[in-house]
Amino acid sequence: VTNLRAGRHTCFGRLVVDLRAGSPGFSVRYVPVLLGDATGEPVALRGGAFLDVIVRAPAHDDEGNPTYRPTRPSEAVAVGGFRTFRQVRFLGTFEGITQIGLGVRAGLPFRVFVLRGATTRLVIDVAHRW
């Protein structure tokens, strides 16, 4: 993982996870409570619904140097003023798996896909309405 960013679109909000080249595995699902992968403890996240984003790629290089280190992990991406997103929280990497919490206003439909090019991007689009 090298970066997180978000964008506002007419019908959806988009979270992009930038990755080094490759084909990482991933899981994105709604959970009743976000639990930290490393601790199993509940993690506070704003919103009416919570997406647990698991990326099977570390946020560090092979020598352990961080490739992504947000200034404020609890507010990894500024989403104030977004219609659907309430908070993006970077929980870190544990045993090669990176976890991100995405708080949204409600359990809205979403889609996930991977874009490949010079870099790989995991894209999560959350609809503004049902």
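This is a predicted model: local features need pLDDT of at least 70, side-chain atom pairs count only at pLDDT 80 or more; totals for chains, interfaces and linings use all residues.

1. Residues are numbered from 1 along each chain as its sequence is written, and side-chain values use heavy atoms, with hydrogens and water left out.

2. The side chains of R14 and D125 form a salt bridge at 2.6 Å, N to O; the term covers a side-chain nitrogen of Lys or Arg within 4 Å of a carboxyl oxygen of Asp or Glu. This pair links distant parts of the chain, with R14 in strand 2 and D125 in strand 8, 111 residues apart. Strands here are DSSP runs (E, at least two residues), numbered from the N terminus.

3. D125 has another partner: its side chain also meets that of R111 in a salt bridge, at 2.9 Å from N to O. Here D125 in strand 8 is linked to R111 in strand 7, 14 residues apart. D125 has a relative accessible area of 4%, so it counts as buried, whereas R111 is partly exposed because its value is 46%. Through shared partners, salt bridges join R14, R111 and D125 into one network.

4. How many salt bridges does the structure hold? There are four. One of them joins the side chains of R5 and D18, at 2.9 Å from N to O. R5 belongs to strand 1 (residues 3–8) and D18 to strand 2, so this pair ties together parts that are 13 residues apart in sequence. R5 is partly exposed, with a relative accessible area of 37%, and D18 is buried at 10%.

5. D61 sits in the loop between strand 4 (49–55) and strand 5 (85–94). Its side chain reaches the backbone nitrogen of E63 at 2.9 Å. Leaving out residues up to four places away in sequence, D61 touches R20 and T67, a contact being heavy atoms within 4.5 Å.

6. Where do the nonpolar residues gather? The largest nonpolar core has 28 residues, of which L4, V88 and L102 touch the most other members. Such a core is a set of buried Ala, Val, Leu, Ile, Met, Phe, Trp, Tyr and Cys residues joined through side-chain atoms within 4.5 Å. Strand 2 (12–19), strand 4, strand 5, strand 6 (97–104) and strand 8 each give two or more residues to this core. Strand 4 gives the most, with four residues. A second, separate core has five residues, including V31, V43, L45 and F50.

7. V88 deserves a click in the viewer. Setting aside neighbours within four places in sequence, its contacts include L4, L15, P73, I100 and L102.

8. Strand 7 (residues 110–116) and strand 8 (residues 120–127) pair in the antiparallel sense over seven bridges; pairing requires at least two DSSP bridges between two strands. The two strands form a hairpin with three residues between them. Within this pairing, F113 stands opposite V123 in strand 8.

9. F26 lies in strand 3 (residues 26–31) and is partly exposed, with a relative accessible area of 33%. Not counting residues up to four places away in sequence, F26 touches I54, V55, R56, V112, V114 and L122. The C-alpha atoms of F26 and I97 are 9.2 Å apart, although 71 residues separate the two along the chain.

10. Lastly, a backbone detail to look at. E95, in the loop between strand 5 and strand 6, has a phi near 50 degrees, a positive value in a residue other than glycine. Most residues other than glycine have a negative phi. E95 counts as exposed because its relative accessibility is 69%.

Key:
A polar contact is a pair of N or O atoms within 3.5 Å; within protein, one must be able to donate a hydrogen and the other to accept it, and residues adjacent in sequence count only if both atoms are side-chain atoms. Buried means under 20% relative accessible area, exposed over 50%, partly exposed in between (1.4 Å probe, protein chains only).
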